[in-house]
Amino acid sequence: MATLFLPVSLLLSCLAVEAAAAVTFSSRLIHRFSDEVRAPRAPGGGVSNATGPWPEKKTMEYYQLLAAGDFHRQNMKLGTHYQLLFPSEGSKTMSLGNDFGWLHYTWIDVGSPSVSFLVALDAGSDLLWLPCECVQCAPLSASYYSSLDRDLNEYNPSGSSSSKHITCSHRLCELGPNCKSPGESCPYTVNYYSDNTSTSGLLVEDVLHLASGSGQASNSSLLAPIVLGCGKKQSGGYLDGVAPDGLMGLGLGEISVPSFLANRGLVPNSFSLCFDEDDSGTIFFGDQGPANQKYTAFLPSNGKYETYIVGVEACCIGNSCLKQTNFSALVDSGTSFTFLPDGVFETITQEFDRRVNVTHSSIEGYPWKYCYKPSTKEKPKVPSLTLVFPLNNSFIVYDPVFMVYGMEGLVGFCLAIQPTDGDIGTIGQNFMMGYRMVFDRENLKLGWSHSNCQHLDDNRSIPLTPNGRSPTPLPTTAQQTAPGGHAVSPAVAGRALSKPSAASEDLISSHLRIISLMPLLLLLHFLATFLQINEPFPLSDQNSLR
């Protein structure tokens with residue numbers, strides 16, 4: 001019988017492959033409280049009944065258990081919508097003014113034991129990097145910065161029991177092909193938009209300390225494995241005070257912190273940054289924003305979604321919408337101020353200048369072309385600037401100017417936008433003030449709603465600190481404006497556009513390998529079915545709805 005079975009099985013296998021398109025596979029669905037499932041769960045069946053006594057059909061207990069199961073499944077689906085994640089030091093962010101390039105920063109804890117780092121938040125790049133085993137890094141001493149009262153930290157992988165180096169064979173190692181052997185530590189280099197600004201070093205895996213909270217329940221903590229850059233050598237702005245203690249990339253790349261959190265199922269694939277008028281704010285992972293927020297779709301770049309680019313259909317100054325002011329823009333929290341394509345810049349600034357009843361004047365030491373010195377020390381009324389997106393979704397910047405103060409009060413103000421070459425502008429941090437900006441990566445859209453950064457959409461207070469614990473203090477406004485600090489130019493931290501990563505190519509090749517294996521998988525399934533003909537089918541192997 002065995003000698004006959006082999007050729008028959010081979011023949012049937014060949015026929016199965018040729019006729020795979022006509023084969024239909026089926027499986028029985030068995031109710032979780034059916035008699036068939038009850039039998040093996042009985043004491044004599046070898047499987048304990050973890051749910052307690054078996055409910056009789058159509059009794060109150062029966063329906064209560066069904067309902068409880070439904071609620072549990074709904075909580076599994078919807079629970080992360082309410083459980084937002086934020087750094088264990090607290091969700092609060094702060095602009096640290098002139099000392100730190102006008103970017104927003106937050107404290108994060110990394111490693112075991114945890115060490116705190118004051119990182120800049122950059123939606124224009126992907127990698128989280130920290131100063132590490134420094135060959136060329138910015139000063140970390142508090143004496144160098146007028147707004148700090150303690151030294152910044154340097155990351156030490158060997159001092160963290162949870163760290164391990166990423167090898168050149170790792171799928172996230174873009175420079176892997178340049179390595180001498182696959183077992184070497186993976187090097188990285190990231191170039192940014194600002195001239196000669198970069199970071200380089202080695203990739204490391206470690207844990208990021210996070211807290212979760214909904215505003216209703218007590219907060220809990222968790223450790224999230226991530227890949228970060230051990231930044232041995234920085235250049236350009238990163239040596240002059242911009243992000244001296246590291247930078248957290250929040251981009252669409254697979255190596256970014258939001259990607260790691262979403263891919264592990266910890267939160268929905270979305271995050272929010274809120275920028276308050278007092279230069280403070282919040283960051284939340286998993287935040288998809290309120291239902292009534294306005295939104296616009298992200299646009300692909302070269303056919304791929306690599307950065308947060310949106311399309312502006314028109315620009316308005318006050319109530320006057322201007323012709324030929326459409327453009328594409330990168331939405332980038334790592335850029336302090338806003339850049340517009342040359343032609344759009346000229347049209348907008350000329351209309352703004354026409355509407356401002358103040359003398360046009362230059363202010364020494366400031367880069368903007370359109371600055372003004374009012375005759376009084378009071379802030380004059382200036383027109384709003386509106387970006388119009390598809391479906392008539394408007395993004396209104398009520399105060400598009402940067403106020404300049406001296407020892408005796410207001411010196412003047414400048415329209416805080418600059419021209420840039422090319423067709424793509426940048427919506428910087430200054431335009432986002434007063435908004436809760438939602439980067440919905442799952443649905444590839446940008447959402448925004450007015451916010452004081454203190455409440456969620458249903459007016460619940462958002463957790464600024466975990467479990468009521470005081471976070472590591474951020475500098476106060478008075479500390480930020482204290483005299484004696486060194487000047488730092490406005491930062492442009494977004495990563496320069498590059499070719500697709502090695503990780504993307506690995507993902508495509510893995511899909512092709514799966515497709516190529518489909519005939520073999522069909523063959524194996526058919527053989528398994530054939531071998532079990534006329535054999536008893538054990539109940540414990542059947543699918544059970546749970």
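**Exercise 1: An aromatic cluster**

Phe271, Phe298, Tyr308 and Phe439 form one aromatic cluster. The model is predicted: local features need pLDDT of at least 70, side-chain atom pairs count only at pLDDT 80 or more, and totals for chains, interfaces and linings use all residues. Residues are numbered from 1 along each chain as its sequence is written, and side-chain values use heavy atoms, with hydrogens and water left out.

Task: classify the pair formed by the rings of Phe298 and Tyr308.

Solution. Step 1: rings of Phe, Tyr and Trp (its six-membered ring) pair if their centres lie within 6.5 Å; planes under 30 degrees apart count as stacked, over 60 as edge-to-face and the rest as tilted. Step 2: the centres of Phe298 and Tyr308 are 5.2 Å apart and the planes are at 45°, so this pair is tilted. Step 3: buried means under 20% relative accessible area, exposed over 50%, and partly exposed in between (1.4 Å probe, protein chains only). Phe298, at 3%, is buried, and Tyr308, at 0%, is buried too.

**Exercise 2: Helix H5**

Task: determine where the buried residues of H5 lie around its axis.

Solution. Step 1: helices (H or I, at least four residues) and strands (E, at least two) are DSSP runs, numbered from the N terminus. Step 2: the buried residues of H5 are Val344, Phe345, Ile348, Thr349, Glu351 and Phe352. Step 3: seen down the axis, these buried residues fall within an arc of 165° (taken from the directions from the helix axis to the C-beta atoms), so they line one face of H5.

**Exercise 3: Salt bridges**

Task: describe the salt bridges that Glu351 and Arg436 form.

Solution. Step 1: a salt bridge is a side-chain nitrogen of Lys or Arg within 4 Å of a carboxyl oxygen of Asp or Glu; the structure holds six. Step 2: Glu351 bridges to Arg354, with the closest N and O atoms 2.7 Å apart. Being three residues apart in H5, the two are separated by about one helical turn. Glu351 is buried at 11%, whereas Arg354 is exposed at 59%. Step 3: Arg436 bridges to Asp287, with the closest N and O atoms 2.8 Å apart. Arg436 lies in strand E27 (residues 435–440) and Asp287 in the loop between E12 and E13, so the pair ties together parts 149 residues apart in sequence. Arg436 is buried at 6%, and Asp287 is buried at 4%.
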